[in-house]
Amino acid sequence: FLVGIRSGLVASSAIAAVVEPWGGFVTGVIMAILVQLGLLVSRGLRLDDPADSLAVHCLGGFWSVICVGLWAKPELLQEVYGVTSSGGLVYSGGPLIGMQAIGAAVIFCWGLVNAAILCILTKFFLGAAPLRVSSEAESTGLDRARHGGPAPEDLRTSGQATDPDNMNGLVPIEYDLSAGSKVIPSTPRRNPFSGLNKL
């Protein structure tokens, strides 16, 4: 649910001032499909992406920038940015779509290079300390592994967590937090939204 809200906000960020409501609607519908495909790919590749940033921000941001080139209205571009343009592809078939594609590629490369530099600097200054925790610490939970105790009561959801072996992240399992052991329920409970990830 929250992934859908976040992806909608990201997809509407570049187009908000220059696209009419129908363009926003089409952008959102296509973004819903893109985010589901992105989630399938990132989970299928077992990427370490707990916030689903690849699907939401990378795909959503790219799609939003491209949508300006598809359906930006010339009058709105003039009114908002003071730019005389023939508008998006649906209005003129003009060069705006190409400029937006180049802009999206530059933004992607800029983010990738800066993230790589930050990771290298972090690794350099932390020495041998890894940029990621061990798989044992992941399965135990970082609150217990790094901080010596369970998460605060108000941050946990009734003692349930997500099974790390299930990459769809849909089958809740229960943990006995006092003993730190995993207890599989006798009858697995199925998330009612599990079919959405198979689209």
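**Cysteines and aromatic rings**

Modeller: This is a predicted model. Cys 67 counts as buried, because its relative accessibility is 0%.

Biologist: How many disulfides does the structure hold?

Modeller: The number of disulfides is zero.

Biologist: On to the rings, then. How many aromatic pairs are there?

Modeller: The count comes to three aromatic pairs. One of them joins Trp 63 and Trp 71, with 6.4 Å centre to centre and 80° between the planes, an edge-to-face pair.

Biologist: Is Trp 63 buried or exposed?

Modeller: Trp 63 is buried, because its relative accessibility is 13% and the limit for that class is under 20%. Trp 71, at 9% relative accessibility, also counts as buried.

Biologist: What is the geometry of Phe 124 and Phe 125?

Modeller: Their ring centres lie 5.1 Å apart and their planes meet at 80°; since planes over 60 degrees apart count as edge-to-face, this pair is edge-to-face.

Biologist: Are those two buried or exposed?

Modeller: Phe 124 and Phe 125 are both exposed.

Biologist: Back to the tryptophans. Which residues do ring pairs link into a cluster?

Modeller: The cluster linked by ring pairs consists of Trp 22, Trp 63 and Trp 71.

Key: Residues are numbered from 1 along each chain as its sequence is written. This is a predicted model: local features need pLDDT of at least 70, side-chain atom pairs count only at pLDDT 80 or more; totals for chains, interfaces and linings use all residues. Side-chain values use heavy atoms; hydrogens and water are left out. A disulfide is a pair of cysteine sulfur atoms within 2.5 Å. Buried means under 20% relative accessible area, exposed over 50%, partly exposed in between (1.4 Å probe, protein chains only). Rings of Phe, Tyr and Trp (its six-membered ring) pair if their centres lie within 6.5 Å; planes under 30 degrees apart count as stacked, over 60 as edge-to-face and the rest as tilted.
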